[in-house]
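Take a look at the model below. We will walk through it from the overall build to a few individual residues.

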Amino acid sequence: AVTRNFMGSPHIDTLNVGPFYGLSMGDFSQTGGKICVECSATTVAEVDTRGRLGKVDGRFPHWVSKYEGTRYSLIYYVTSGEVIPQTTAIFEPLEQEESAAPWVPPPIFVL
């Protein structure tokens, strides 16, 4: 899925058969636009997907935190095939080589 300025309320992706991958980009506030995931009845985790791939199990309640500006997101999810058992709401970031520079989004051009 490709979204622009998505501000969904807490929800569960009931059709997903496993975790999803998300990436966000755009000119939006540094403190917002994160994927919030209810890991337990008392714990909410924030996954920062700005310019990086995050892995979240959307079968746990989740939403996007408030932000200002323009935010685009790319979400990869699967709704058919073998069901992957639910184990955890969030996953560790993919390892990045120490020598690799962090990914920086390209500058925004206004025409």
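Two strands count as paired if DSSP finds at least two bridges between them. Keep that in mind for Cys-36: its bridge partner in E4 is Glu-46. The model is a predicted one.

Now step back to the whole chain. The protein chain has 7 strands and 0 helices. Read from the N terminus, the elements run β-β-β-β-β-β-β. There are 111 residues, and 32% of them count as buried. The chain exposes about 7,700 Å². Carbon and sulfur atoms supply 58% of that area.

Strand E3 covers residues 35-40. E3 and E4 pair in the antiparallel sense over 5 bridges.

Is Cys-36 buried or exposed? Cys-36 is buried, because its relative accessible area is 5% and the cut-off for buried is under 20%. Cys-39 has a relative accessible area of 29%, so it counts as partly exposed. That value falls between the cut-offs of 20% and 50%. How many disulfides does a search of the whole structure find? It finds 0.

Finally, turn to the aromatic rings. The structure holds 1 aromatic pair. Phe-28 and Tyr-67 form this pair, with 5.7 Å from centre to centre. Their planes stand at 65 degrees, and the pair is edge-to-face. Planes over 60 degrees apart count as edge-to-face, so the angle settles the label. Where do the two residues lie? Phe-28 is in strand E2 (residues 20-28), while Tyr-67 is in the loop between E6 and strand E7 (69-76). The pair therefore ties together parts that are 39 residues apart in sequence. Both Phe-28 and Tyr-67 are buried.

Conventions
Residues numbered from 1 in each chain as written. Predicted model: local features only at pLDDT ≥ 70, side-chain atom pairs only at ≥ 80, totals over all residues. Heavy atoms only, no water. Helix = DSSP H or I, 4+ residues; strand = E, 2+ residues; numbered from the N terminus. Buried < 20%, exposed > 50% of the residue type's maximum accessible area, 1.4 Å probe, protein only. Areas by Shrake-Rupley, 256 points an atom, 1.4 Å probe, with all protein chains shown as cover. Disulfide = S-S within 2.5 Å. Phe/Tyr/Trp six-rings, centres within 6.5 Å; stacked < 30°, edge-to-face > 60°.
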